[in-house]
Structures are given as structure tokens and as C-alpha cells.
Amino acid sequence: ARETCYHRGFAVRVEDEIGAGDAFNAGFLAAMFKGFSVEQSLCYANAVGAISVTVKGDQEALPTWKDLDLFVENYEDCEGQLLR
């Protein structure tokens, strides 16, 4: 049976949307390769996509796993601001 997964996006201040889709895809695949569930991978993919649009350029804002963990774990408390 097919299942559908949903994860809300992360609202951030957008500087440049170039590369957001590529960042999302890379985040999803990297999380899957690390052994995360589809749901966890979708969460991380959304986070990578969100973080990637916060500065100008296509790869300048790509996060480390530490950046991702901080962002996902503290997003609500930090009102979408990056913790780097």
C-alpha cells in the first residue's frame, strides 16, 4: 500500500531562492542514506531547502548536519532564525 507523508515547511526570510529545490532533494537523499525514516528525511529536506534560501547564492548557505539539528530542534523557539 502507498503511504503519503507530509511535513510543514519552515518559514524563513528569503534572500535568494536559487538552488532551493536542489537543496531539498540533496537533504532528502542524504537523510535517507544516513538511515533516517521517510518522515525524518522529509523534515530534514524541508529544513535544508529553507536554510538554503536565507543568503544569496546557490550553495553558500548549505548547512552541516549540526546546523540542521540545531535548526530543526530549535525552530519554534527561535522564530525561524538560524542558529549558526
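Author: Happy to! One definition before we begin: helices here are DSSP runs of H or I with at least four residues, strands are runs of E with at least two, and both are numbered from the N terminus. Also keep in mind that this is a predicted model.

Reader: Good to know. What pattern does the chain follow along the sequence?

Author: Reading along the sequence gives α-α-α. The tally is three helices and zero strands.

Reader: And how much of the chain is buried?

Author: Of the 84 residues in the chain, 35% are buried. As for contacts between residues at least 6 apart in sequence, 63% of them join residues at least 24 apart.

Reader: Nice. Let's look at helix packing. At what angle do the axes of α2 and α3 cross?

Author: Roughly 100°, and the two axes come within 10 Å. Helix α2 covers residues 38-52, and helix α3 covers residues 65-74. Angles from 65 to 115 degrees count as roughly perpendicular, so α2 is roughly perpendicular to α3.

Reader: Which residues make that contact?

Author: From α2 you have C43, Y44, A47, V48, A50 and I51. On the α3 side the contact uses W65, L68, D69, F71 and V72.

Reader: Staying with α3, which of its residues are buried?

Author: Those are D67, L68 and F71. Looking down the axis of α3, they fall within an arc of 100°, so the buried residues line one face of the helix.

Reader: What covers them, and what sits on the other side of α3?

Author: The cover over the buried residues of α3 includes α2. On the other side of α3, K66 and E73 are exposed.

Reader: Switching to charges: how many salt bridges are there?

Author: The count is one salt bridge. In general, side chains of opposite charge can pair when their charged atoms come close. Here R13 pairs with E15, and their closest N and O atoms are 2.5 Å apart.

Reader: Okay, over to α1. What does F24 touch?

Author: Leaving out residues up to four places away in sequence, F24 touches L42, A45, N46 and G49. F24 belongs to helix α1 and is partly exposed at 27% relative accessibility. Its C-alpha atom is 9.9 Å from that of S41, 17 residues apart along the chain.

Reader: And where is G21?

Author: G21 is also in helix α1, which covers residues 20-33. G21 counts as partly exposed, at 43% relative accessibility. G21 and S52 are 31 residues apart in sequence, yet 9.3 Å apart in space, C-alpha to C-alpha.

Reader: Great, thanks for the tour!

Note on methods: Residues numbered from 1 in each chain as written. Predicted model: local features only at pLDDT ≥ 70, side-chain atom pairs only at ≥ 80, totals over all residues. Heavy atoms only, no water. Axes fitted to C-alpha atoms, helices over the stretch in contact; angles between N-to-C directions. Parallel < 35°, antiparallel > 145°, perpendicular 65-115°, else oblique. Contact = heavy atoms within 4.5 Å. Buried < 20%, exposed > 50% of the residue type's maximum accessible area, 1.4 Å probe, protein only. Arc of directions from axis to C-beta. Salt bridge = Lys/Arg side-chain N within 4 Å of Asp/Glu carboxyl O.
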